[in-house]
Amino acid sequence: MMIPTRRLLLPLIAIVVAACAAPAQTPSTPAATATAAPAGAGTAAAPRMRTLRSDATCPPEFSGTCYPVWFGTNRKPLDLNDVSKGFGAEFDDTMHFGKRIVRIPTSHRPGELGSPLWRRLLLQVDDRITVDPATVLSADAFTRDVRSFIAGLDPADRNVLVYIHGFNTTFDDAARRAAQLGFDLKVPGITMLYSWPSRGRVGAYLSDLSSIEASEEHIANFLVKVTGLAERGKVHLIAHSMGNRGLLRAMHRATTQAALRSGTRFGQIFLSAPDVDAQLFRQLASVYPLVADRTTLYVADQDKALAALEWMTEGGRAGGAPPVLVLPGIDTVRVHGSSLFRLGHSYFAEEPGVLRDIRAQLHWKDPPERRRARYGWPVPDEAPGARGAWVIGR
């Protein structure tokens, strides 16, 4: 029996997708604009950044920032007899909780996880973000730790940002990315990570796909738990790539719906490069405007990973462009620019324009029209079929 040509090319496609989806180490343009207070912001104060700097968790010889990331995961522990050794790529029916301290050096540049070896050797500066061993907590201890930390923040800063990673991501990589996002966005509160069991290797796309689908209930339960910890603050969400599949389905789970009916609402939801069939997204995404103050869909016209998947499956992805997906109650922002040629699939965390756009919404809750009036971006998208969308990087 003849095997379809597209199946023969699956390994090649997987390599392209994995290369784009893996956390990038190449340097990007310094993003001073991503961390500066917005021009024309009037009396808006520069946002405060809450970080854990105590000597108890950050050794005195480290001069950077020790950034705490709380996590939930349904990855199986590497050692069942000693969960402190961390978590691997196998699926676990049990949800685990904990906290990781992520070290961000003073040489860190916004949008980067660290420079490549040649640059570190040339400049004699190691700017890589590194992680300390995970501290595993019981569900009750996790609750107490989060509430204790939040209680010590300014009342205006008692918010939570939850990051759900995409395909080809290890537990350590996910923690590094979550900390980089929280640090660069100056999250007004604390940063959390939900890490589902991605295998974190080339060629495991189909395995990761099965894993994220099996993790929907765990993600839903984690989100319900977190909304109960934010007290009067808001829970904001960033889902990347395949992580959007889990988030979208989790929003339709009975546990999530029950919590939402009790009056719980999310703050800002950011859907970055969703690796979700466009037609399925159209059918299910109407839940987002009902559960969040604002939902922003980021798409890119130079996302090589999604382009490869669209070719392989002969089906459009919600995060791909063209065509640009525009839905009622969801702001669509198309990311365009030559820098995407090298940033590819991870522009949500690496592209200065996207970081500053997300940050403006986290801190000032500005809709696109207001962001354009105050900062000059985004602007209305004039691409064919993109009416109602916005664009960054024209």
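**A tour from the core to a helix pair**

Start by selecting Met 192: setting aside neighbours within four places in sequence, it is in contact (heavy atoms within 4.5 Å) with Val 69, Trp 70, Phe 142, Val 146, Val 160, Leu 161, Val 162, Tyr 163, Phe 222, Val 226 and Leu 229. You're looking at a predicted model, where local features need pLDDT of at least 70, side-chain atom pairs count only at pLDDT 80 or more, and totals for chains, interfaces and linings use all residues. Residues are numbered from 1 along each chain as its sequence is written, and side-chain values use heavy atoms, with hydrogens and water left out.

Together with Met 192, they have the most contacts inside the largest nonpolar core, which has 99 residues. Such a core is a set of buried Ala, Val, Leu, Ile, Met, Phe, Trp, Tyr and Cys residues joined through side-chain atoms within 4.5 Å; buried means under 20% relative accessible area, exposed over 50%, and partly exposed in between (1.4 Å probe, protein chains only). Next, colour helix α6 (residues 171-184), which gives this core its largest share, 7 residues. Helices are DSSP runs of H or I, at least four residues, and strands are runs of E, at least two, numbered from the N terminus.

Hop over to Ser 107, in the loop between β2 (87-104) and α4 (117-123). Is Ser 107 buried, exposed or partly exposed? Its relative accessible area is 24%, so it is partly exposed. Beyond neighbours within four places in sequence, Ser 107 touches Val 125, Asp 126 and Asp 127.

Last stop: select α7 and α8. Here Ile 212, Glu 213 and Ala 214 in α7 meet Glu 216, His 218 and Ile 219 in α8. These contact residues divide into 3 nonpolar (Ala, Val, Leu, Ile, Met, Phe, Trp, Tyr, Cys and Pro), 2 charged (Asp, Glu, Lys and Arg) and 1 polar (the others, Gly among them).
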